[in-house]
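Please open the model in your viewer and keep the sequence beside it. The stops below say what to select next and what is to be found there.

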Amino acid sequence: MTEQKNNGTFWKTVQELIEKGNRNNFSIYRKGKKAFSISITAFLLLLILFCPAVLVAMVVGLFLGCRYHFSGPDFPENNQLNQFFTKLTEGAEINKE
């Protein structure tokens with residue numbers, strides 16, 4: 001009986017995470033304009049399925065002037081993920097000079 005209860009809790013948690021990912025977005029900005037936006041759920045699926053390619057594309061994008069941003073009702077404007085990406089972008093810009 002406990003196993004069945006835990007299994008139900010697990011799937012409920014997974015469903016809540018997917019819904020939260022669908023409410024929020026991962027966006028790419030270039031030259032101050034939004035170039036691309038995708039739900040976090042879709043972004044994570046791409047990352048899982050094509051991890052090396054996605055990571056290489058993101059690193060190349062940093063050196064080409066892209067900025068990455070997480071937004072949505074569950075992400076405050078100045079959250080830690082966005083601060084991390086801002087620092088990465090600044091580091092890439094310093095290395096370009």
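**Stop one: the nonpolar patch**

Begin by selecting Ile-48, which lies in helix α2; helices here are DSSP runs of H or I with at least four residues, strands are runs of E with at least two, and both are numbered from the N terminus. This is a predicted model, in which local features need pLDDT of at least 70 and side-chain atom pairs count only at pLDDT 80 or more, while totals for chains, interfaces and linings use all residues. Residues are numbered from 1 along each chain as its sequence is written, and side-chain values use heavy atoms, with hydrogens and water left out.

Ile-48 has a relative accessible area of 66% and is therefore exposed (exposed means over 50%, buried under 20%, and partly exposed in between, with a 1.4 Å probe and protein chains only). Now extend the selection to Leu-44, Leu-45, Leu-46, Leu-49 and Phe-50, which together with Ile-48 make a nonpolar surface patch of about 620 Å². Patches are made of residues with over 30% relative accessible area and no salt bridge, nonpolar side chains (Val, Leu, Ile, Met, Phe, Trp, Tyr) being joined within 5 Å and like charges within 9 Å; the areas come from the Shrake-Rupley method with a 1.4 Å probe, and for residues only the protein chains shown count as cover.

**Stop two: the largest pocket**

Next, select Phe-26, Ile-28, Phe-36, Ile-38, Phe-43, Leu-46, Val-54, Ala-57, Met-58, Gly-61, Cys-66 and Tyr-68, which line the largest pocket. The elements that give two or more residues to this lining are β1 (25–30), β2 (33–39), α2 (40–49), α3 (51–63) and β3 (66–71), and the largest share, four residues, comes from α3. On a 1 Å grid over the protein atoms alone, a pocket is an open set of points where a 1.4 Å probe fits, with protein on both sides within 12 Å along at least five of seven lines, and lining residues have an atom within 4 Å of a point. The space in the largest pocket comes to about 150 Å³.

**Stop three: the salt bridge**

Which residue forms a salt bridge with Arg-23? Select Asp-74, whose closest N and O atoms to Arg-23 are 2.9 Å apart; a salt bridge is a side-chain nitrogen of Lys or Arg within 4 Å of a carboxyl oxygen of Asp or Glu. Because Arg-23 lies in helix α1 and Asp-74 in the loop between β3 and α4, the pair ties together parts that are 51 residues apart in sequence. Arg-23 is partly exposed at 43% relative accessible area, and Asp-74 is also partly exposed, at 30%. The structure holds one salt bridge.

**Stop four: single residues**

Move to Lys-31 in the loop between β1 and β2, where phi is near 55°, a positive value in a residue other than glycine. Lys-31 is exposed, with a relative accessible area of 71%.

Then select Ala-92 in helix α4 (residues 80–96), which counts as buried at 4% relative accessibility.

Finish with Glu-16 in helix α1 (residues 2–23), a partly exposed residue with a relative accessible area of 43%. Glu-16 and Leu-55 are 39 residues apart in sequence, and their C-alpha atoms lie 26 Å apart in space.

Methods
Grid points are joined across faces, edges and corners, and a volume is the space filled by probe spheres set on the points.
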